[in-house]
Amino acid sequence: MVNAFSLLSATLLVLAGNLSDRLGARRVFLGGLLAFAVTSAACGVAWSAVVLDVARATQGAAAAAVIASAFALVAETFPPHERGRALGTYGSFAALSFVVGPLAGGVLADSFG
């Protein structure tokens with residue numbers, strides 16, 4: 001289940017960046033955010049391991065869209081003299097989320113079943 005998310009999010013990151021360039025970062029970000037929310041709900045109500053694996057893989061694809069387009073949005077939002085700090089801050093929190101997210105999910109799953 002963890003590998004399904006990680007594999008799809010890493011594999012589709014470059015494609016999501018390309019789509020962000022072609023379709024617009026805001027559109028891809030909002031679509032990815034909506035898809036991530038829907039797949040999160042699907043993970044929560046999964047009735048079998050197969051459904052959970054598919055939902056987590058789809059969630060990884062949505063995460064790739066959010067990550068790639070968010071990077072582009074940060075880059076275009078900040079002026080050149082503030083861009084380096086903004087991208088560094090974004091990158092730091094993004095990396096931290098990859099560590100904290102699975103740990104928090106594990107705690108929630110153990111606590112609430």
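This is a predicted model: local features need pLDDT of at least 70, side-chain atom pairs count only at pLDDT 80 or more; totals for chains, interfaces and linings use all residues.

**Terms and values**

Colleague: Why is Ala 68 called buried?

Modeller: Ala 68 has a relative accessible area of 14%. Buried means under 20%, exposed over 50%, and partly exposed in between, with a 1.4 Å probe applied to protein chains only. The value of 14% therefore places Ala 68 among the buried residues. Residues are numbered from 1 along each chain as its sequence is written, and side-chain values use heavy atoms, with hydrogens and water left out.

Colleague: Which residues is Ala 68 in contact with, leaving aside its neighbours within four places in sequence?

Modeller: Ala 68, which is found in helix α4, is in contact with Leu 13, Ala 16 and Gly 17 once those neighbours are left aside. Contact means heavy atoms within 4.5 Å. The C-alpha atoms of Ala 68 and Ala 16 lie 6.0 Å apart in space, although the two residues are 52 apart in sequence.

Colleague: How many helices and strands are there in the protein chain?

Modeller: The protein chain has 5 helices and 0 strands, and its elements run α-α-α-α-α from the N terminus on. Both kinds of element are DSSP runs numbered from the N terminus: helices are H or I with at least four residues, strands E with at least two. Of the 113 residues, 25% count as buried. Among contacts with a separation of 6 or more, 68% come from residues 24 or more positions apart.

Colleague: What makes α3 and α4 roughly antiparallel?

Modeller: The axes of α3 (residues 25-44) and α4 (residues 49-77) cross at roughly 155 degrees and come within 8 Å. Axes are lines fitted to C-alpha atoms, for helices over the stretch in contact, and the angles between N-to-C directions run from 0 to 180 degrees. Angles over 145 degrees count as roughly antiparallel, under 35 as roughly parallel, 65 to 115 as roughly perpendicular, and the rest as oblique. Hence α3 and α4 are roughly antiparallel. Their contact comprises 17 nonpolar, 6 polar and 2 charged residues.

Colleague: Why is α2 called oblique to α3, then?

Modeller: The axes of α2 (residues 13-23) and α3 cross at roughly 130 degrees, coming within 6 Å. That angle makes α2 oblique to α3. On the α2 side the contact is made by Ala 16, Leu 19, Ser 20 and Leu 23, and on the α3 side by Ala 25, Arg 27 and Val 28.

Colleague: What makes Ser 20 buried?

Modeller: Ser 20, in helix α2, has a relative accessible area of 4%, so it counts as buried. Apart from residues up to four places away in sequence, Ser 20 touches Ala 25, Val 28, Ser 69 and Ala 72.

Colleague: Why does Phe 29 count as partly exposed?

Modeller: Phe 29 has 22% relative accessibility and therefore counts as partly exposed. This residue of helix α3 touches Val 66, Ser 69, Ala 70 and Leu 73, residues up to four places away not being counted.

Colleague: How do you know that Gln 59 is joined to Ser 40 by a polar contact?

Modeller: Their side chains approach to 2.7 Å. A polar contact is a pair of N or O atoms within 3.5 Å; within protein, one must be able to donate a hydrogen and the other to accept it, and residues adjacent in sequence count only if both atoms are side-chain atoms. Gln 59 belongs to helix α4 and is buried because its relative accessible area is 5%.

Colleague: What makes α4 and α5 roughly antiparallel?

Modeller: The axes of α4 and α5 (residues 80-112) cross at roughly 160 degrees and come within 9 Å. The two helices are therefore roughly antiparallel. In α4, Val 66, Ile 67, Ala 70, Phe 71, Val 74 and Ala 75 meet Arg 83, Ala 86, Leu 87, Tyr 90 and Phe 98 of α5. By class, the residues of this contact are 10 nonpolar, no polar and 1 charged. Ala, Val, Leu, Ile, Met, Phe, Trp, Tyr, Cys and Pro count as nonpolar, Asp, Glu, Lys and Arg as charged, and the others, Gly among them, as polar.
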